[in-house]
Amino acid sequence: MKALILNSGLGHRMGVLTSEHPKCMTEVSAKDTILSRQLKMIAEAGIQEVVMTTGYFDEILVNYCRSLHLPLKFTFVNNPLYAQTNYIYSIYCAKEVLKDDDIVLMHGDLVFAADVFDSVLESEVSCMTVSTTLPLPEKDFKAVIQDGQIKKVGIEFFDDALAAQPLYKLNKKDWNVWLDEICKFCESDNRKCYAENAFNQVSDACVIMPLDVQDKLCGEIDTPEDLEIVAARVKELEDKTVYMCFSTDMLHSGHIAIIKKAKKLGRLIVGVLSDEAIASYKRFPLMPFAERKSLFENINGVAAVVEQKELSYKNILTDLKPDYVVHGDDWKTGFQKPIRDEVLAVLQSYGGELIEYPYSKDEKYDELEKNSRLQLAMPDARRGRLKKLLAMKGCVTAIEAHSGITGLIAEKTTVLQDGKTYQFDAMWVSSLCDSTAKGKPDIELVDMTSRFRTIDDIMEVTTKPIIFDGDTGGLTEHFVYTVKSLERMGVSMVIIEDKTGLKKNSLFGTEVEQTQDSIENFSEKIRAGKRAQKTKDFMICARIESLILERGMEDALERAFAFADAGADAIMIHSRKKDPAEIFEFVERFRAKDSATPIVVVPTSFNSVTEEEFKARGVNVVIYANQLTRSGFPAMQNVAKTILTNHRAKEADDMCMSIKEIITLIPEE
Ligand code: SPV
Ligand code: MG
């Protein structure tokens, strides 16, 4: 398709404004002339060739077009008789370069809104812009409509007519008919009329449909008064603000396309979702916020980039009050629907508008997204992520996983609440749950090879970081190998407890015989582990059993400081009391002397405390150590009993997840 712009005319009615350049070079805003505005829209639409008829001040015009440095190929056609003829003759002069192509035709003094131009280009049939809402102008073009199509265009028609503006999209077939007639007119010396006079002769064969732009901006500038009105409308359009939010770290053509559309609506402000918000609803971002921000800052047409801290748009919209929010229409359903509803409510409160473009699934992007998940699952990327999350959030959560399927539950479970999404940050490979799943007691009976197999099963289908329950860590000589293996696999943290001999689960407390290791021995185990690891990412956490074994707070604190001194990257304090008082006291007293070493808690017994309260008190990792096991196995037992009782499975059906649900939980490769 070629653009044809008619710029030969004198523009006398503009007075002094056209004393030094043609009318099309008149400024309509601080950043654009009539022509630069047209040309930018043409270039943005992907049209590459512009045929421009010139006459008055043609050299100035040609130089001006070149100075704009737009990706356009210009063919300038001079009408030597511009002062005595009308643009019908200018088109005639350009006939050779206009034949046999689709054309978008505009007068050089026409100013239109970007969405008007888009609708013209999107029209499959030949069309001309008209308005059903504007009054019929006295002296300007009107189009006579019959049977839904344009039959005549001229200034003299008032019956069955609509105000019309000289912006056309002409399919090759229709344009050839009109152009032939233009040639006939000019060759029989009929050069002073409008090109539309020729169209009026052939409108049965050249089918042009009216395209109603209602009262959107689409008007010619003939006089200084017109200029004032149009410039005010252009300013209104340029002053509009548009807001879009992105969480992506991979820009693709779909993003660029929607940005291009959005920026046509006004000054585009891009919100970049914070790392924390992305990690909470999608996956850990591959690129940190600062890099994603600069990615958008460098996109042409993005006026400003701001941080959107939450998935909810409420705060940022209340702050920025953009005229438009632009989004793909894919959020009309699914987990983002409540966010959309909230956006609509906020926009309605101040008169903003939501513009949604059809979301097109992009296979290339899906592939990239799949690859990035693969990246996140790689040992190096996964291992370091726990430290990153700790730095980002201050307090992270982990839930136990003891198999691929529980790993997937830990990976995928998301809750949307008050405009925020919640997910677990990490997984805890518990010795209790791993042993229980294998029908064995939690006494370090399940050997490391088998425990590693569990880790592998989980890693194969997830991306989140893993905290491994290393029990006592075994002999120091063995522990160093465990550290190396875990690190190599991509585990982020091992927690070892300061017990020796036949360890039993801590939740037995003093009901069973348990021996605590000496501070010296355990410190040496930590030091050896730290020496064995190869990366900076891997963390060794010392778990203190003093409160479980009722050895008192002073013992717990003494150990904590000693283990931190020995190089422990974190301290886990455990208790089996329902009352969190002793945990709180420990945290407070530890924090009074050590503000940096992360504190880990496992609130199985003291389960009334919220994550928010733990965080406020200085806790950094909250592990839900066994809830999936404790909920899953009784449910299975119940179903087994129901089947046995009824001698069939029907009665148990309502207790079971549907096959459809269970298969959608498992990702298909
Ligand atoms: C586990 O989950 O195996 C633990 C935590 O070690 S606890 O069971 O509370 O001791
Ligand atoms: Mg354990």
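Predicted model: local features only at pLDDT ≥ 70, side-chain atom pairs only at ≥ 80, totals over all residues.
Visitor: Where do I start with the chain? Which domains does the domain assignment give?

Guide: Start with the bounds. Domain 1 covers 2-235 and domain 2 covers 240-364. Domain 3 comes in two pieces, 378-405 + 420-625. Domain 4 is 631-665.

Visitor: How far apart are the C-alpha centres of domain 1 and domain 2?

Guide: Those two centres are 36 Å apart.

Visitor: Now the cavities. How many of 30 Å³ or more are there?

Guide: A cavity is a space where a 1.4 Å probe fits but cannot get out. The count here is one cavity of 30 Å³ or more. The volume of the largest cavity is about 160 Å³. It is lined by 19 residues, and Asp469, Asn505, Arg543, His574 and Ala625 are the closest to its centre.

Visitor: What kinds of residues make up that lining?

Guide: Sort them by class. The lining of the largest cavity has six nonpolar, seven polar and six charged residues.

Visitor: Where does ligand 1 sit?

Guide: Look inside the largest cavity; ligand 1 sits there.

Visitor: Which residues surround ligand 1?

Guide: Walk along the chain. The shell begins with Trp428, Ser430, Ser431 and Leu432, among others. Asp469 also belongs to the shell, as do Asn505, Ser506 and Leu507. Arg543, His574 and Ala625 complete the list. By class, this shell has four nonpolar, five polar and two charged residues.

Visitor: How do I read the polar contacts? Which side chains have a polar atom by an oxygen atom of ligand 1?

Guide: Check N and O pairs; the cut-off is 3.5 Å. In Asn505, a polar side-chain atom is 3.0 Å from an oxygen atom of ligand 1. For Arg543 the distance from such an atom to a ligand oxygen is 2.8 Å. An N or O atom in the His574 side chain is also 2.8 Å from an oxygen atom of ligand 1.

Visitor: How much of ligand 1 does the protein bury?

Guide: Compare the ligand alone with the ligand in place. Alone, ligand 1 exposes 280 Å², and the protein buries 100% of that.

Conventions. Residues numbered from 1 in each chain as written. Chains lettered and ligands numbered in written order. Heavy atoms only, no water. Near = heavy atom within 4 Å. Polar contact = N/O pair within 3.5 Å; in protein donor to acceptor, adjacent residues only side chain to side chain. Areas by Shrake-Rupley, 256 points an atom, 1.4 Å probe, with all protein chains shown as cover. 1 Å grid on protein atoms, 1.4 Å probe; cavity = no way out; pocket = protein on both sides within 12 Å on 5 of 7 lines; lining within 4 Å. Sits in = over half its atoms within 2 Å of the grid points. Nonpolar A, V, L, I, M, F, W, Y, C, P; charged D, E, K, R; others polar. Domains from an automatic or database assignment. Points joined across faces, edges and corners; volume = space filled by probe spheres on them.
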